[in-house]
Amino acid sequence: PEPNYRYAFRHVLSREAVYADMLSDDRRRLHRRVGEAMLELDASALSTRPADLALQFRLSGDHERACEASTIAGNQAVALFSYPAALEHYTHALMAARHVDRSSAMTLLQARAQCHVVLANMDDARHDYAEALRIARELGDAVIERRVLLDLGFVWTGADAVRATAY
């Protein structure tokens with residue numbers, strides 16, 4: 001029979017030293033293998049543990065799967081009214097989406113802006129909506145453009161009624 005090797009570090013710094021000593025390509029491969037193993041062992045991992053999967057795929061450089069898992073984690077956080085967590089997940093999804101698909105980035109900017117509105121971070125919300133508007137115009141998506149213009153008008157209502165009217 002094959003020996004069953006298990007590694008345990010007596011101190012967290014030992015583990016971190018070994019991890020830091022690995023080549024970056026090896027670390028990325030290892031994170032990808034961990035993410036894939038999670039999916040193999042549990043087919044529902046994308047819906048039950050999206051944040052864990054997102055971390056593994058983000059660290060592996062798999063932007064597409066990192067974006068998908070982070071978006072799901074953000075949506076789940078919103079459903080639980082955990083807007084600070086949703087902001088974090090949407091931010092990670094957005095960083096990955098910029099490598100994958102501008103349309104996804106536009107949708108994620110809107111979702112993140114809505115979280116900012118709930119948390120009364122109106123400057124951040126305006127910034128995200130303005131970026132989403134820029135992408136919508138570049139992509140020629142008139143439906144999203146109108147929706148974002150309405151959202152921008154709403155966000156400006158509390159700060160500058162004249163500017164809100166322009167939207």
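**The nonpolar core and its surroundings**

Modeller: The largest nonpolar core has 38 residues, and Leu108, Tyr129 and Val148 touch the most other members. Helix 4 (50–60), helix 5, helix 6, helix 7, helix 8 and helix 9 each supply at least two residues of this core. Keep in mind that the model is predicted.

Start with valine 148. Neighbours within four places in sequence are set aside here. Beyond them, valine 148 is in contact with Gln110, Tyr129, Ala132 and Leu133. Tyr129 is itself among the core members that touch the most others.

Now the helix around it. Helix 9 covers residues 142–157, 16 residues in total. From first C-alpha to last it reaches 23 Å, close to the expected 22 Å. Its buried residues are Ile144, Val148, Leu149, Asp151, Leu152, Gly153, Val155 and Trp156. The cover over these buried residues includes helix 7 (102–118), helix 8 (122–139) and helix 10 (161–166). Glutamate 145 pairs with arginine 137 in a salt bridge, 2.9 Å from N to O. Arginine 137 is partly exposed, at 48% relative accessible area.

Helix 8 also holds aspartate 128. This aspartate counts as buried, with 2% relative accessibility. Again leave aside neighbours within four places in sequence. Aspartate 128 is then in contact with Leu109, Arg112, Ala113 and His116.

Next, the cysteines. The structure holds zero disulfides. Cysteine 67 is in none, and the nearest cysteine sulfur, that of cysteine 115, is 15 Å away.

Move to the loops between helices. Phenylalanine 81 sits in the loop between helix 5 (63–79) and helix 6 (83–100). Its phi is positive, about 60°, although the residue is not a glycine. Phenylalanine 81 is exposed, with a relative accessible area of 66%. Alanine 120 lies in the loop between helix 7 and helix 8. Its phi is also positive, near 60°, and it is a residue other than glycine. Alanine 120 is exposed at 56% relative accessible area.

Last, the charged pairs. The structure holds 12 salt bridges. One of them joins the side chains of aspartate 26 and arginine 29, at 2.4 Å from N to O. These two are three residues apart in helix 2 (residues 24–41), so about one helical turn separates them. Aspartate 26 counts as partly exposed, at 30% relative accessibility. Arginine 49 forms a salt bridge with aspartate 52, with the closest N and O atoms 2.7 Å apart. Arginine 49 is partly exposed at 44%, and aspartate 52 is partly exposed at 33%. Salt bridges also link Arg32, Glu36, Asp62 and Arg65 in a network.

Key: Residues numbered from 1 in each chain as written. Predicted model: local features only at pLDDT ≥ 70, side-chain atom pairs only at ≥ 80, totals over all residues. Heavy atoms only, no water. Helix = DSSP H or I, 4+ residues; strand = E, 2+ residues; numbered from the N terminus. Expected span 1.5 Å × (residues − 1). Buried < 20%, exposed > 50% of the residue type's maximum accessible area, 1.4 Å probe, protein only. Contact = heavy atoms within 4.5 Å. Disulfide = S-S within 2.5 Å. Core = buried A, V, L, I, M, F, W, Y, C linked by side-chain atoms within 4.5 Å. Salt bridge = Lys/Arg side-chain N within 4 Å of Asp/Glu carboxyl O.
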